[in-house]
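Visitor: I have a model open and would like to walk through it with you. Could we go region by region?

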Amino acid sequence: MTAATREDVLKALSDFRDPETGRDVVRLNQVPQVTVQDGKVNVTLGLTTLCAPLWPELREEAEKLLVARLPAGTEVSVEIVEHHRPAEKLGTIGLTAKAVVAVGSGKGGVGKSTVATALALGLARSGAQVGLMDADVYGPSVPHLLGTTERPSLYEGKIQPIIVDGLRVMSMGFIVPKDEAVIWRGPMLHGAVQQFLKDTAWGELDYLIVDMPPGTGDVALSLSQLLPVSGAIVVCTPQELALLDAVKAVAMFRKVNIEVLGMVENMSWFVCPNCGSKHEIFGTGGAKKKAHELGVPFLGEIPLNVSLRIQGDIGRLAECFSDPVSAPAMEEICRNLVRNLAAKRRSDPQLPSLSVLG
């Protein structure tokens, strides 16, 4: 039986595409170690934290690729380690992030802020570097969901974001007293969004999650003008009345040239804690069907869950990832989002950066 060689391993892995850049991991020097001995192959594969939620399945993908390409009977083991690739500055705003994801809805009351915050928490829990910007200036609820009343400070002319549960967070709720209303016209909203993006010391991020105001207003236009947005997620509930507004939200993002990365259906069903029966209070499958009609990916369903409501009310939303009902739904939405981003980048690889010689 022919034994595998190191060269065989690297040749096989040259077909494994980095989920961040879409390029060959061997050429990108993301295979720091390969050992071949006695019919056993051990590979260390470096991946960035942008795709951290997918590391287990990417390890399995690499192992299957090697098993298929190497001589029969070869034992294969792949270990994933962190590969650091600096994020680039986006546009002229100075934000350093690899992906900016806006979370919006056509109307209020569908759980948009809860989904945005849980999405940010889930990405951070997986190992990604995440910022959460609460751009819902009229009703900033992110501070309450995270249970913090801190006020941001200034250091060297930059607003220092509040650090909560591994997130770097900025919200109008940190600045304006909770019993005061924000009554602003479009230019003031644009200025606030610009300041949050430009003057906050976000550091280097994998993801900036932006909790948008409900409806189709000025903030989406401002965001699209200030920096390249990776895409948007639209949150809705299953009933037809809510879906009518969700369709408008999809149209709004498309009109300002922000790709819709997916739809999330919240309050999809309720499981009675006493009898265990499932109740579809607002109907079922409406968002999934509408996403298919609109040509938009469907990211997942979140059940109507009493403990999720309690966790948000008491400012401990991070605990939803310990809840047996909420956690699987939230984690799957995170993975689906990252899968879609990775698939897009793999199908359209980034060009390598070239230095300009003077």
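**A walk through the fold**

Guide: Let us begin with T44, which is buried, with a relative accessible area of 13%; please keep in mind throughout that this is a predicted model.

Visitor: Where is the place of T44?

Guide: T44 sits in strand β2, and Q33 stands opposite T44 there. Leaving aside neighbours within four places in sequence, T44 is in contact with Q30, V31, P32, Q33, E79 and V81.

Visitor: In which sense do β1 and β2 pair, and over how many bridges?

Guide: The pairing of β1 with β2, the latter being residues 40–47, is antiparallel and runs over five bridges.

Visitor: And what kind of sheet do the three strands form?

Guide: The three strands make an open sheet with the order β1-β2-β3, and its pairing is mixed. Because β1 (33–37) and β3 (75–82) each have a single partner strand, they stand at the edges, and one side of each is left without a neighbour in the sheet. On average, neighbouring strands of this sheet are turned by 15 degrees against each other, direction ignored.

Visitor: Which helices lie across those strands?

Guide: Helix α1, residues 6–13, lies across β1 and β2 and runs at about 135 degrees to β1, while helix α2, residues 55–69, lies across β2 and β3 and runs at about 145 degrees to β3.

Visitor: What about T48, is it buried or exposed?

Guide: T48 is buried, with a relative accessible area of 1%, and its position is in the loop between β2 and α2. If neighbours within four places in sequence are set aside, the residues in contact with T48 are E20, W55, H83, R85 and K98.

Visitor: Changing topic: which residues of α7 are buried?

Guide: The buried residues of α7 are A242, L243, A246, A249, V250, M252 and F253. They cover an arc of only 165 degrees around the axis, which puts them on the same side of α7, whereas L241, K248 and K255 are exposed on the other side.

Visitor: Why would residues three or four places apart point the same way?

Guide: An α-helix has 3.6 residues a turn, so residues at that spacing point the same way.

Visitor: How far does α7 reach from its first C-alpha to its last?

Guide: Helix α7 (residues 240–255) has 16 residues and reaches 23 Å, close to the 22 Å expected at 1.5 Å a residue. After α7 comes N257, whose phi is positive, near 60 degrees.

Visitor: What covers the buried residues of α7?

Guide: The cover includes β5 (95–104), α6 (218–226), β12 (231–236), β13 (260–266) and α8 (286–294).

Visitor: What are the pairings of β12 with β5 and β13?

Guide: Strand β12 pairs with β5 in the parallel sense over four bridges, and with β13, also in the parallel sense, over five bridges. I233 has V103 opposite, and in β13 the bridge partner of I233 is G262.

Visitor: Last one: which residues have the most contacts inside the largest nonpolar core?

Guide: They are Y207 and I209, in a core of 68 residues. Another core lies apart from it, with 45 residues, among them I159, L205, A220 and V260.

Terms used. Residues are numbered from 1 along each chain as its sequence is written. This is a predicted model: local features need pLDDT of at least 70, side-chain atom pairs count only at pLDDT 80 or more; totals for chains, interfaces and linings use all residues. Side-chain values use heavy atoms; hydrogens and water are left out. Two strands pair if DSSP finds at least two bridges between them. Helices (H or I, at least four residues) and strands (E, at least two) are DSSP runs, numbered from the N terminus. Axes are lines fitted to C-alpha atoms, for helices over the stretch in contact, and angles run from 0 to 180 degrees between N-to-C directions. Contact means heavy atoms within 4.5 Å. A nonpolar core is a set of buried Ala, Val, Leu, Ile, Met, Phe, Trp, Tyr and Cys residues joined through side-chain atoms within 4.5 Å. Buried means under 20% relative accessible area, exposed over 50%, partly exposed in between (1.4 Å probe, protein chains only). The expected span of a helix is 1.5 Å times one less than its number of residues. The arc is that of the directions from the helix axis to the C-beta atoms.
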